[in-house]
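Subject: Structure handover

Hello,

Here is the structure I promised to pass on. Please open it first, then read the notes below.

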Amino acid sequence: MTKNSARALYLLIALVVVLLDRWTKHIVAKRISLYSHIQVIPGFFSLTHTENTGAAFSLFADSDAHWKTAMLIAFSVIALMVVSALLWKNNHAHVATGIGLSLIMGGAVGNLWDRLARGRVVDFLLFYVKRYQWPVFNLADSAIVIGAGLLVLEILFHKSSGPAELGPN
């Protein structure tokens, strides 16, 4: 795979994430009233329409600081610039790295889109067991976490393809 075809593939992955994220958020916003839920797997999973003014998984959502949204937008733009540069410079020898960066890019664009358009992000995936629950999240958050996980796995399990170390002669 050439550098340009790899870049095109990774940008396509990011675009698919953005489109799926926009579509799922649109469907949820149109069909599920705010704070309502649809139980999918009783005792484990519900679709729950919430709007998050904080970061991923509702971090900082309770803060009423007037600069919060601007800070989150600025952070997203900086993260996108860093991920884009890494994706562009990536030698694409490691597919997991390219896919991970693509997922992060698509997720960041999806949530940034909401933040710029409405000042908040639509979340709708709720996993829970009895009274314990994970914060409500969306497809973009999932893509970011999976992408970051791929990068961590790549770092942990990558075998160096550089020159062999010099041993005793």
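**Hairpins and strands**

Strands β3 and β4 form a hairpin, with two residues between them. Lys-130 sits in that turn and has a positive phi of about 55°. Please keep in mind that this is a predicted model.

The β3–β4 pair has two bridges and runs antiparallel. Strand β4 covers residues 132-133. In β4, Tyr-132 stands opposite Val-129.

Strand β3 spans residues 121-129. Seven of its nine residues are buried, so β3 is largely enclosed by the rest of the structure. β3 also pairs with β2 (residues 45-52), again antiparallel, through six bridges. Ser-46 is bridged to Leu-126. Phe-45 is bridged to Phe-127.

Strand β2 has eight residues, and six of them are buried, so β2 too is largely enclosed by the rest of the structure. Four bridges link β2 to strand β1 (residues 37-41), and these two run antiparallel. Phe-45 comes up again here: in β2, Phe-45 is the bridge partner of Ile-41. β1 and β2 make a hairpin with three residues between the strands. Gly-43 in this hairpin takes a positive phi near 80°.

**Helices**

Helix α1 runs over residues 3-31. It has 29 residues and reaches 42 Å from first C-alpha to last, close to the 42 Å expected at 1.5 Å a residue. Its buried residues include Arg-7, Val-18 and Val-28.

α1 packs against helix α4 (residues 139-157). The angle is about 150°, and the axes lie 8 Å apart. On the α1 side, the contact is made by Val-17, Leu-20, Asp-21, Thr-24 and Lys-25. On the α4 side, Leu-139, Ala-140 and Ala-143 take part. By class, this contact of α1 with α4 holds five nonpolar, one polar and two charged residues. Asp-21 and Lys-25 are both buried.

**Cores**

Which residues make up the largest nonpolar core? It has 12: Ala-6, Tyr-10, Ala-14, Ile-73, Leu-80, Val-83, Leu-87, Leu-101, Ile-104, Met-105, Ala-108 and Leu-112. The largest share, five residues, comes from α3. A second, separate core has seven residues, among them Phe-45, Val-122, Phe-124 and Leu-125. In soluble globular proteins, nonpolar side chains tend to be buried together.

Best wishes

Notes: Residues numbered from 1 in each chain as written. Predicted model: local features only at pLDDT ≥ 70, side-chain atom pairs only at ≥ 80, totals over all residues. Heavy atoms only, no water. Axes fitted to C-alpha atoms, helices over the stretch in contact; angles between N-to-C directions. Contact = heavy atoms within 4.5 Å. Nonpolar A, V, L, I, M, F, W, Y, C, P; charged D, E, K, R; others polar. Core = buried A, V, L, I, M, F, W, Y, C linked by side-chain atoms within 4.5 Å. Buried < 20%, exposed > 50% of the residue type's maximum accessible area, 1.4 Å probe, protein only. Expected span 1.5 Å × (residues − 1). Pairing = 2+ DSSP bridges.
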